[in-house]
Amino acid sequence: MDRSKQGDVANGLEASLIQIINSHHSSSLKLRESTEKAKKDAIRTARRVSELLVDSVNREVQESFVMQKRIEMEIRALAASILQFGKQTDQWLAASHSINTAIKEIGDFENWMKTMEFDCKSINAAICNIHQE
């Protein structure tokens, strides 16, 4: 009977050991599946975060690019305005120079006329003096 008890105990121990191994294997598989699922979820979440960050940066870069184009257009418009104002200023300077020259000529003509009038009066006085003698 001892042997049969020992056989029963050995069979019971073997069955318990097999059950423990199967249980460990089952929990190991569940843990592996859970870990794989968590890994896939983490990768999917990291990919989504990465896409959102890239989209955000791209949006800001695009806004910067649009603003740069607007600034460049404004610079071109301002440069054209400056060129136009420069030409207009040159025209005003030329016109004012012409006016100044004309005023000087009028003044010179007036002086010439006064000189001529004085000379004519002098000649007239000389002729009158000669005629009276």
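This passage describes the overall form, the surface and selected residues of a predicted model.

The chain contains 1 helix and 0 strands. Its radius of gyration is 56 Å, whereas the globule rule gives 14 Å for 133 residues, so the chain is more spread out than a compact globule. The dimensions of the C-alpha trace show the form directly. Along the principal axes, the trace spans about 195 × 15 × 10 Å. Helix H1 covers residues 2-132.

Burial was examined next. Of the 133 residues, 0% count as buried. The accessible surface of the chain amounts to about 12500 Å². Carbon and sulfur atoms account for 62% of that surface. As for charge, the chain carries 18 positive and 19 negative side chains. The centres of these two sets lie 17 Å apart.

Met-113 belongs to helix H1. Its relative accessibility is 39%, so Met-113 counts as partly exposed, because the partly exposed class lies between the 20% limit for buried and the 50% limit for exposed.

Glu-105 is also placed in helix H1. This residue has a relative accessible area of 52% and is therefore exposed, the cut-off being over 50%. Glu-105 and Gln-62 are 43 residues apart along the chain. Their C-alpha atoms are separated by 64 Å.

Terms used
Residues are numbered from 1 along each chain as its sequence is written. This is a predicted model: local features need pLDDT of at least 70, side-chain atom pairs count only at pLDDT 80 or more; totals for chains, interfaces and linings use all residues. Side-chain values use heavy atoms; hydrogens and water are left out. Helices (H or I, at least four residues) and strands (E, at least two) are DSSP runs, numbered from the N terminus. Buried means under 20% relative accessible area, exposed over 50%, partly exposed in between (1.4 Å probe, protein chains only). The radius of gyration is taken over C-alpha atoms; the globule rule is 2.2 Å times the number of residues to the power 0.38. Accessible areas come from the Shrake-Rupley method with a 1.4 Å probe; for residues, only the protein chains shown count as cover. Lys and Arg count as positive and Asp and Glu as negative; His and the chain ends are not counted. The place of a charge is taken as NZ of Lys, CZ of Arg, CG of Asp or CD of Glu.
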